[in-house]
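New page in the notebook. I am opening this one up and writing down what I look up as I go.

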Amino acid sequence: MSTPYRHGVSLGFERVGSDFFLSFKAIGKLTHQDYQYITPLIESALNSVEPAKMNVFFDCSDFQGWELKAAWDDLKLGLKHGSAFNKIAIYSNQENNRQWLEYSSKIASWFTSGNVEFFDQETQAFNWLQGSH
């Protein structure tokens, strides 16, 4: 019996004082179907916050990339809501995906009004999101 391929996302929303945080953990290779589930959740969270500015912790430690259509979905989401993000911390402690995630963080900064940074230590990512170093 083969083990089913595990992929998808885990989302969390949290308020700390007047700041709004989105935690996003990607697992495996994301598909178009994954984005059909997560896009309405993200849009609902953005629509419920005034002004809609949030900090994002994107955990890529188990992330293996996107299928082509999912990459397009991700780009569309970024273009549509790029002004809603204050800071995006992309985190991974996996050496095998570090380089392309660092490049991805630079490319993502083109499509958002907020700051995007890559971190290989989770604590540093959270400290940066919360404004401390």
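Is aspartate 62 buried, partly exposed or exposed? I looked it up: aspartate 62 is partly exposed, at a relative accessible area of 38%. One caution before I go on: this is a predicted model.

**Confidence.** I checked the pLDDT next. The protein averages 83, and 92% of the residues score at least 70.

I followed its side chain and found a salt bridge to lysine 25, 3.0 Å from N to O. Aspartate 62 sits in strand S3 and lysine 25 in strand S2, so this pair ties together parts 37 residues apart in sequence. Lysine 25 counts as partly exposed because its relative accessibility is 22%, and the cut-off for buried is under 20%. I also noted that Lys25, Asp59 and Asp62 are linked in a network of salt bridges.

**Other salt bridges.** My search of the whole structure gave 4 of them. Lysine 80 and glutamate 43 meet in one, at 3.0 Å from N to O. That pair links helix H2, where lysine 80 is, with helix H1, where glutamate 43 is, and they are 37 residues apart. I looked at both ends: lysine 80 is exposed at 57%, while glutamate 43 is buried at 19%.

Another one joins aspartate 73 and lysine 76, at 3.8 Å. They are 3 residues apart in helix H2, so about one helical turn separates them. Aspartate 73 is buried at 8%, and lysine 76 is partly exposed at 41%.

**The core.** Which residues touch the most other members of the largest nonpolar core? I got Met54, Phe58, Phe63 and Ile90, out of 25 residues. Strands S2, S3, S4 and S5 and helices H1 and H2 each give two or more residues to this core. I then listed what phenylalanine 58 touches, leaving out residues up to four places away in sequence: Phe24, Ala26, Phe63, Ala89, Ile90 and Tyr91. There is also a second, separate core of 8 residues, including Ala89, Tyr91, Phe119 and Trp128.

**The surface.** I placed phenylalanine 111 in the loop between H3 and S5. Phenylalanine 111 counts as partly exposed, with 32% relative accessibility.

Technical notes: Residues numbered from 1 in each chain as written. Predicted model: local features only at pLDDT ≥ 70, side-chain atom pairs only at ≥ 80, totals over all residues. Heavy atoms only, no water. Core = buried A, V, L, I, M, F, W, Y, C linked by side-chain atoms within 4.5 Å. Buried < 20%, exposed > 50% of the residue type's maximum accessible area, 1.4 Å probe, protein only. Helix = DSSP H or I, 4+ residues; strand = E, 2+ residues; numbered from the N terminus. Contact = heavy atoms within 4.5 Å. pLDDT = per-residue confidence, 0-100.
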